[in-house]
Amino acid sequence: MPANDRLSRLRALIHDEPSPNTVRAIQRILSDWPLDDDHALGLAYAQEHLLGLLTRMLSRSPGPSAWNALTSTLDAWPHPANLADLIPRLDLILNNWPNALRTSPEHWLNELTPHTAPPGWPLVRTLRLPSAWNERKRKTLWDSTHLHRIVELDLTRCTDFNTSDVRALSRNLKQLRALTTGPHLDTRILNPLLNPSTLPSLHALDLSNATLLTADLTALLHHPGFARISHLDLARTKIDADAMAALQDARHLDNLKTLNLAGNPLGDLGALHLSNAQRLDNLRSLDLHGCNLGVGAIDALIGGTLLTRLENLNLRQNQFGDLGAQLLIQERPIPTLRALNLSSNQIDDQTLRLLAASPGCQRLERLSLRDNLIGDDGATALALSPHLASLTLLNLRANKIGPQGLRALATSPTLRHLRHLTVRANPIGDDGVDALASATFLPALRHLDLTSTGLSDKAAQSLAKAQNLGPLTTLLLRNNNLSVTGLRALLISGSLNTLERLDLGGNAIDASAAVLLADLVRTERLRELGLRRNYLTDDDVELLARAGLDGCLESINVQRNYTRAARMKPLVDKRGLLLRWFPATR
């Protein structure tokens, strides 16, 4: 590529729509710049204007991909001294991000010493310790004077964290607010951890996947230091109904806002103990996914005041069925609720009609009803409900909804704010997608999951003609019967041009379709492409991978095609393409 073309391409990218993919494309241009050309010209232009692009990207696209793009850009910055003025400006933008996203790359952790840190370190807020770090290496980390900005610590992969670590980290991690211990928890560390003088700012404690005895939970909840904990995760900790009795007379629960008990065998008796807890007036989020709850548990929960102020309630995969769900909806509506998960509870259309008619759903933004017995009548009741105007996410995966139900959802004047719709594994068929494509009331839709819905090329052609669906960023068409004919219709229409993720796995995608997909892969948007279980050969996949070098593809899944890993891996490694590669012979 001539120097003028390279510079023009660089300018176009820098002033393009900001995204992690755009940043990576800029990095590739600079890294591929010929040594005999004026590399300084491109570098100077990039440095002069890259701050504006990074600022726009971080403001609009918070997420792991944007964070990884930022850290790799800082690593590649030719003159680290020039970052002194840049870092505070980036930090100001990142203040609006969740701290968990601002995780130190592992190589930054390795570069950290007691008195020195990588140039981008002031942006880090979360540490996730590698599994290979022994006690000696951890001590070096705790001794660092650069930990005063760290607010979250994840020890999930750490197998031998002990009381010595607690004493050491208390010196320089006084701002730590959230701690995740992981499955290897030594419960003897809980007492010193909760001591206010150890970590005075700690308010979120994640003990998920550890093993807690009744005595451990009792000691935890009765410790005076627990009074400052507002977020507690006890998912899959093997606590039972007897252990839950410790909640009833616990005196330090007043600040608790989030409680996760998922995956524990609580049963109806455990729910009764939970309902009888006296100091949970500030609880806003409760997760009881997979806790063996029956109708008796729902009756116990609605008998108290626990549910009245909740904003998030997860009751997925329990055993209370229609009767329990109807008790919840009719006897104890929760007007503050924003997210409700009733998946996998054998709920049918009758319950959906009650739910749709309940004024207690007016603030619902996220509703998950997957793996139930809901048919067209239930979907129609949701579509006609005057109380669901706030919904942004609706998950109806694996029910019994057909074309009529999808047509009702697509023409609902209530669901104008819906951004995420999942109807995977329903008998939708081509007629249902035709109704969806003619929708007039789904302008905000960004994520559409039509996996395993019995679609043919006719459905793809209907989607290609859609005028009123929002600009999709995710389209999942896996396990259908689409061929090059349907794909061509979608590509010609421009319906795929806004996609960041496209899954066509389990269809009839062959060499002719690969040629069409190569043009899509070259765009600056698509970053994830699923082609698992199709009819692609080595030549087809190599064509797509080479096209990915010109675009911003990060992941391509071609498992169970007619491919060989040995042929593609050298190409990916040689170019350094940010491409997760999933090859396997059929």
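Gln346 sits in the loop that runs between β9 (339–341) and α15 (349–356), with helices (H or I, at least four residues) and strands (E, at least two) taken as DSSP runs and numbered from the N terminus. Though not a glycine, Gln346 has a positive phi of about 60°. Ala398 is another non-glycine residue with a positive phi, here near 55°, and its place is the loop between β11 and α17. The model is a predicted one, so to speak of local features takes a pLDDT of at least 70, side-chain atom pairs count only at pLDDT 80 or more, and totals for chains, interfaces and linings use all residues. Residues are numbered from 1 along each chain as its sequence is written, and side-chain values use heavy atoms, with hydrogens and water left out.

As for the chain overall, the secondary structure comes to 23 helices and 18 strands. Of its 586 residues, 54% count as buried, where buried means under 20% relative accessible area, exposed means over 50%, and partly exposed is in between (1.4 Å probe, protein chains only). Taking contacts (heavy atoms within 4.5 Å) between residues at least 6 apart in sequence, 84% join residues at least 24 apart.

Back at α17, this helix (residues 403–410) packs with α16 (residues 376–384) at an angle of about 5°, the two axes being 8 Å apart. Axes here are lines fitted to C-alpha atoms, for helices over the stretch in contact, and angles run from 0 to 180 degrees between N-to-C directions. That angle makes α16 roughly parallel to α17; the label covers angles under 35 degrees, while over 145 is roughly antiparallel, 65 to 115 roughly perpendicular and the rest oblique. On the α16 side the contact is made by Asp376, Ala379, Thr380 and Ala383, and on the α17 side by Gln404, Gly405, Ala408 and Leu409. Sorted by class, that comes to four nonpolar, three polar and one charged residues (Ala, Val, Leu, Ile, Met, Phe, Trp, Tyr, Cys and Pro count as nonpolar, Asp, Glu, Lys and Arg as charged, and the others, Gly among them, as polar). The buried residues of α17 are Gly405, Leu406, Ala408, Leu409 and Ala410, and their cover includes α16, β11 (393–395) and α18 (429–437).

Over in helix α4 (residues 64–76) there is Trp67, which counts as buried because its relative accessibility is 3%. Leaving aside residues up to four places away in sequence, Trp67 touches Leu94, Trp97, Leu101, Arg102, Thr103, Leu123 and Val124. Arg102 is 35 residues from Trp67 along the chain, yet their C-alpha atoms are separated by 6.9 Å.

Then there are the holes. A search of the whole structure turns up four cavities of 30 Å³ or more. On a 1 Å grid over the protein atoms alone, a cavity is a set of points where a 1.4 Å probe fits but cannot get out, and lining residues have an atom within 4 Å of a point. Grid points are joined across faces, edges and corners, and a volume is the space filled by probe spheres set on the points. The largest cavity comes out at about 120 Å³. It is lined by 13 residues, with Ile329, Ile334, Leu337, Leu340 and Leu355 nearest its centre; the lining has 10 nonpolar, two polar and one charged residues.

Methods. On a 1 Å grid over the protein atoms alone, a cavity is a set of points where a 1.4 Å probe fits but cannot get out, and a pocket is an open set with protein on both sides within 12 Å along at least five of seven lines; lining residues have an atom within 4 Å of a point.
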